[in-house]
Amino acid sequence: MALKIEYAINFEDGTSKSFTVSIDTSNYTIPEDDKVEAPDWTLLEFNQCPHCPYTPAEKKYCPVAKNLSEASVTFKEARSFTNVTAFVKTEDRFYGKKTDLQTALFSLFGLLMATSACKYMDMFKSMAQFHLPFASHKETMVRTLGMHLLGEYMKQQDNPSHKISLDKLLKDYEQVVPVNQGMIDRIRALKGGDATQNAVIVLDAFASLLPLQVSSGLADIKELFPQDKK
């Protein structure tokens, strides 16, 4: 069974680009097929992440890069702050936003990366099931922390001695940052405009900021939970 999420990005000159993300709901991953050719910059060995767990014998292509390849090539000449109207259709809702291309692409890229077959993206698959287009930094923090803590609670139900913490989340995020940097290095090989590269840079900023927010006591979202005054 597949979950389909459709993106349409409309430009002021009347042109439009559409993408359908088809996700296998058995593992919330876009199915891989190495027989389908992709650009050379998506080959596993091209700017391969230093901590990549795969070999070319296992995967011909980097699963994250291959997922990003169609959109990256489509918009390789585009500039970040080009005005667009983006629409996203999921099975349950329809979203629309007048924004810049960079914002529309970081939303699409986030979904494509989360549903790739890269082990470092597994932490995001629960969020991909409830994809929220154009999420702000605070919304992303709340969703990420909420999903992680819910998972920790489930583990505790199965194993009462399990201690709920953010430790694994922070360790997982340490592995995500090199992946983001690897994608930036790969996309730079396309040259042209900066929209696709900056979309990944925004995602990387989100990944880099969350551990800082945790270390600061989650000040940005603490206001959502007012303390009783005695």
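**Cavities, pockets and rings**

Guide: Start with the largest cavity, to whose lining helix 2 gives the most, with six residues. This is a predicted model, in which local features need pLDDT of at least 70 and side-chain atom pairs count only at pLDDT 80 or more, while totals for chains, interfaces and linings use all residues. Residues are numbered from 1 along each chain as its sequence is written, and side-chain values use heavy atoms, with hydrogens and water left out.

Visitor: What is a cavity, and what is a pocket?

Guide: On a 1 Å grid over the protein atoms alone, a cavity is a set of points where a 1.4 Å probe fits but cannot get out; a pocket is an open set with protein on both sides within 12 Å along at least five of seven lines; and lining residues have an atom within 4 Å of a point. Points are joined across faces, edges and corners, and the volume is the space filled by probe spheres set on them. Helices (H or I, at least four residues) and strands (E, at least two) are DSSP runs, numbered from the N terminus.

Visitor: How many cavities of 30 Å³ or more are there?

Guide: The count is two. The largest cavity holds about 440 Å³, and among its 24 lining residues Gly-110, Phe-124, Met-127, Thr-140 and Leu-203 lie nearest its centre. Its lining divides into 17 nonpolar, six polar and one charged (Ala, Val, Leu, Ile, Met, Phe, Trp, Tyr, Cys and Pro count as nonpolar, Asp, Glu, Lys and Arg as charged, and the others, Gly among them, as polar). The second largest cavity has a volume of about 90 Å³; of its 15 lining residues, Cys-49, Cys-52, Tyr-54, Cys-62 and Cys-118 lie nearest its centre.

Visitor: Which residues are closest to the centre of the largest pocket?

Guide: The largest pocket contains about 460 Å³ of space. Ile-30, Lys-66, Asn-67, Ser-69 and Glu-70 are the closest to its centre, out of 23 lining residues. Helix 1 contributes the largest share of that lining, six residues, and the classes are 13 nonpolar, four polar and six charged.

Visitor: How is a pair of aromatic rings described?

Guide: By the distance of the centres and the angle of the planes. Rings of Phe, Tyr and Trp (its six-membered ring) pair if their centres lie within 6.5 Å; planes under 30 degrees apart count as stacked, over 60 as edge-to-face and the rest as tilted. The count here is five aromatic pairs. Phe-106 and Phe-206 have ring centres 5.7 Å apart and planes at 65°, so this pair is edge-to-face. Phe-106 lies in helix 2 and Phe-206 in helix 6 (residues 195–215), so the pair ties together parts 100 residues apart in sequence.

Visitor: Are Phe-106 and Phe-206 buried or exposed?

Guide: Both Phe-106 and Phe-206 are buried (under 20% relative accessible area; exposed is over 50%, partly exposed in between, with a 1.4 Å probe and protein chains only). Phe-124 and Tyr-173 form another edge-to-face pair, with 5.8 Å centre to centre and 90° between the planes. Phe-124 is in the loop between helix 2 and helix 3, and Tyr-173 is in helix 5, 49 residues apart. Phe-124 counts as buried because its relative accessibility is 15%, and Tyr-173 is buried at 4%.
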